[in-house]
Amino acid sequence: MTGTKVLMNFEVTDTSHTLDAYLERGGYQTLEKVLKSMKPEDVTQAIVDSGIQGRGGAAFPAGRKWQGINPYDGQPHFLVANADEGEPGTFKDRWVLEHSPHTLLESMAIGAYSLAARHNFIYIRGEYDRPWRRLAAAVEEAYAAGYLGEGILGTDFATDIFVFRGAGSYVCGEASSLLGSIEGTRAYPRNRPPRMTVSGLFQSPTVVNNVETLSTISWIVNHGAEAFRATGSDASPGTRLLSVSGHVRRPGVYEVELGYPWGRLLHQDCGGIPGDRPIKAVIPGGISTPVVPAALAGIRTPDDLDGVLLDHDAVREAGSSMGSGGMIVIAEGTCMVRLLHIMLRFYHQESCGQCTPCREGTGWMHRIVERIVAGDGRPEDIERLYTISRANDGTTICGMGDAAGFATMGILDHFRDEFTYYIEHKRSRFEGNIECPGS
Amino acid sequence: MPGIVIDGRELEAEGGQTVMQVALAHDIPIPAFCWHPALSIAGNCRVCMVEVEGRGLALACNLPIYDGLKVHTDTEAVRNQRKLTLQFLTLNHPVDCGICDKAGECLLQDYHYAHNGSPSTSIDPKVHATKHYSLGSRIVLDNERCILCSRCVRFTREVSGSNVLGIKHRGDTSLVRPAEGRSLDDDPYSDNVIDICPVGALLSRAFLHQSRVWYLTTTPSVCPGCARGCTIDVWHRKPEWRLQAVATHRNHTIARVTPHENPAVNGPWICNKGRDLAALVERPRALEPMVKGEVVAMDQALEAARQAIAGAQRPLALVSSWGSNEELDAFKEHLAPRFSCAVKEDHRQQPNEPGDDHLLLRADKNPNTTRARALFGETPAAVPEGTDLVLVWGEGFDFDTIPDGVATIVLGAFDAPENGLAAVFVPLSIHTERAGHFTNFEGVVSAFAPCFPPPATVADAETVFPQLAPQGATS
Ligand code: SF4
Ligand code: SF4
Ligand code: SF4
Ligand code: FES
């Protein structure tokens, strides 16, 4: 067991996503409590006190973001749920959308009240079909039952939620470009300043939160910030949904209390590695976070049940980040050169092309590694990859340029010898394995 | 007033300005591809990075100043990042300056030499793209040279409003493209994108491969295309680069026209008609003075005209709205007392030609109606009963409206059938051959200078008018 459950706290059945099931679990009572007994700023204060950090990747304190909006300034405000879960290896929001869409809707209604947002959007990636159908059905149920729309629960509070389907671009998961996509313009990430809480959707103050972050709000408001702080670790309160994939026996979505031992999650909860191979490395939070060698994290073999603790600070100390919670497990015997090639192909294809370092750099890095894989690498290619990666560090409009660089440098830092070997021998030290060897 | 320090200099600035604006105002150079003073901030080229004390690199173009802001434009980190950005920008750029019209006035060239200077560190093949993509009858696009700064896109959205251009696809395969079913022919201001394109991606069909820009020089002038009177630069061959053997006509013809930035009239823009100034002024000329169709010397023509004017009972003068302030003043002084005068529209709005619009264009297609009307009133340009002599200065008059038997004196620059039928014809210089001023519809006066010497056989209207005055008539 991975500790207290904030989101995965019910049994998933064929009907557990419906309104009836949600009401049976006590659903929408928090919204009623908020509308009838709390002021908008009380809700925001609870979020601030809970210490919850964004679950989308950047781990920015969610309460601080909300405080950027003054609900009484008379302007239109927007609350947007980012359900464009596009970070490779990440599929945890999908669990919420598929199995508990009302948790998100109730939380958004609470958020809309706190932020004085008359209109809210859920931006869901186009490839999510069942999640979208369930979400759309849930929105209809919520309207029919009077939890959305006008005169909610007999009060004079009114708010609407629109579900907006994306068309399959990675960059649309970036909060500001997502807003452009909703507005109907080309989805280019926007430069800051201005911050989105100053000028976001349709030039109005806007809060964009990840689905998981938002969905946690009703729990926090219901149980109180103290209860939330009591879970997880001191620096990283609460739980996180982790989507574990790659070379593990039981891939899937796991809710863990922050501070849970990494080794136990992978070797026990996830059933370890097929063929009982040791773990070579783990990408902890989607491919944009640097890879962590298993030995360095103390999670290499089934005997390593502790290792680095899964909280934001500890993973950062291990040289990476919990990112989006998309954990990719890499077994011993995998070729890291080919892995990087696949990752760079993705970045190259998904760079929006707006800013110079990322537009040109991702393609350049992809071509270099492609050449190495084809057996035509040069010793100086490794330095070239570093130079390009560094030139993207903090110099791009959105985080994608940085991410491509971090991912590349992460692999080069720890597995440089595999690249040297490949370049020298014109072949992979691990037969180019990407699938779990021997499984 | 916020205090800001750039490179150790304490500078005056206004709240709301960006670092780029303050630097520009104090002549501190910061390279910029995507930033343009008349367009919104895109912040995509990343070449303008400066170092902010305590914060690291930041975009000068998108950084609002604040009290205590300290910026350095030339640190190791800044130089390094500029160099890398230029490496990126030339990574897939063909560097075909040798056949590129922009060479010599290209920001990418300039910045390469100023901030990079090293050959590409890449050994991988370049990404290829369309080399000659038609954006209509006036402009072709070389996508390989495009650095995707989006200036052209923002221009059609924010300035001309035609919304023709956008960017499609993504990453290093992004392409500037017109919207479906559109072309830049829909945009009467399209050619401005050629100027603001920092590289040689947007090319003028008219100017394509016509000249290297360093063989050319500019003369400040005023567009006569409409009542806006945009200030322009007329580009023509430098004297020291005169062609000696082939195509010598190019020594005295217009190579191209660009806007001469002028906040009081046209800002940094002009319309496409202004670009086509050559079509307005480089038409077949009338070069010989004539009396009743017989070629004569200028003296004889002027003498014949003077006599006709002196002998007329009820002479009418149709004054040109293309005349300069100086010419109109000379006419007023020397000839107006002798004539009844009316202002003539030399050029009229053609079908399919835009009239008044949101940006520059005016329906009045004459540059100096304002001054002409101020001097000669609003009388319509028609021939009243009893007129026995009509002096027609300039173009655009329908000679069929002159009753039979009424003599005409024609003063004009261009070849026309009426010239030979007139009692006297006096050939004049055109506005690219003389100096003067036009007064635009808002009363703003702008000066033009001669670009070429006039042909030997023609005269300037300003010197002709005093000579036509009957002796004693003006005193
Ligand atoms: S970093 Fe990449 S994805 Fe982000 S804006 Fe720049 S080009 Fe687009
Ligand atoms: S064509 Fe020129 S102005 Fe337009 S985006 Fe490309 S480089 Fe910029
Ligand atoms: S707007 Fe009028 S004056 Fe200006 S360039 Fe066009 S035609 Fe000439
Ligand atoms: S000029 Fe600032 S990013 Fe282009």
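Tutor: Before we look at the ligands, one convention: a residue is near a molecule or strand if one of its heavy atoms lies within 4 Å of it. This is a predicted model, where local features need pLDDT of at least 70 and side-chain atom pairs count only at pLDDT 80 or more, while totals for chains, interfaces and linings use all residues. Residues are numbered from 1 along each chain as its sequence is written, chains are lettered from A and ligands numbered from 1 in the order in which they are written, and side-chain values use heavy atoms, with hydrogens and water left out.

Student: Great. Which residues are around ligand 3?

Tutor: They come from chain B, and among them are C223(B), C226(B), R228(B), C230(B), C271(B) and K273(B). The shell around ligand 3 has 7 nonpolar, 3 polar and 2 charged residues. Here Ala, Val, Leu, Ile, Met, Phe, Trp, Tyr, Cys and Pro count as nonpolar, Asp, Glu, Lys and Arg as charged, and the others, Gly among them, as polar.

Student: And which residues come nearest to ligand 2?

Tutor: Of the 13 residues around ligand 2, those are C146(B), C149(B), S150(B), C152(B) and C197(B). By class the shell splits into 11 nonpolar, 1 polar and 1 charged.

Student: What kind of space does ligand 2 take up?

Tutor: The second largest cavity. A cavity is a set of points, on a 1 Å grid over the protein atoms alone, where a 1.4 Å probe fits but cannot get out. A molecule sits in one if more than half of its atoms lie within 2 Å of its grid points.

Student: That leaves ligand 1. Which residues come nearest there?

Tutor: C352(A), Q354(A), C355(A), C358(A) and C398(A), out of 13 residues around ligand 1. The shell of ligand 1 has 8 nonpolar and 5 polar residues, with no charged ones.

Student: Switching topic: how many residues are in the largest nonpolar core?

Tutor: It has 102 residues, and Y347(A), I411(A) and F33(B) have the most contacts inside it. Helix α17 (residues 399–425) of chain A gives the most to this core, with 11 residues. A second, separate core has 55 residues, including I52(A) and W219(A). A nonpolar core is a set of buried Ala, Val, Leu, Ile, Met, Phe, Trp, Tyr and Cys residues joined through side-chain atoms within 4.5 Å. Buried means under 20% relative accessible area, exposed over 50%, and partly exposed in between (1.4 Å probe, protein chains only). Helices (H or I, at least four residues) and strands (E, at least two) are DSSP runs, numbered from the N terminus.

Student: What does I411(A) touch?

Tutor: Leaving out residues up to four places away in sequence, its partners include V291(A), M336(A), M343(A) and F419(A). Contact means heavy atoms within 4.5 Å.

Student: Is Y28(A) buried or exposed? And K292(B), buried or exposed?

Tutor: Y28(A) is buried because its relative accessible area is 2%; the residue lies in the loop between α1 (19–24) and α2 (29–37) of chain A. K292(B) is exposed because its relative accessibility is 67%, and K292(B) is in the loop between β14 (290–291) and β15 (294–295) of chain B.

Student: What does R378(A) contact?

Tutor: R371(A), I423(A) and I123(B), leaving aside neighbours within four places in sequence. R378(A) is partly exposed, at 32% relative accessible area, in the loop between α15 (356–373) and α16 (381–391) of chain A.

Student: Last one: how many helices and strands does chain B have?

Tutor: 12 helices and 22 strands. Of the 475 residues of chain B, 55% count as buried, and its C-alpha trace spans about 85 × 55 × 45 Å along its principal axes.

Note on methods. 1 Å grid on protein atoms, 1.4 Å probe; cavity = no way out; pocket = protein on both sides within 12 Å on 5 of 7 lines; lining within 4 Å.
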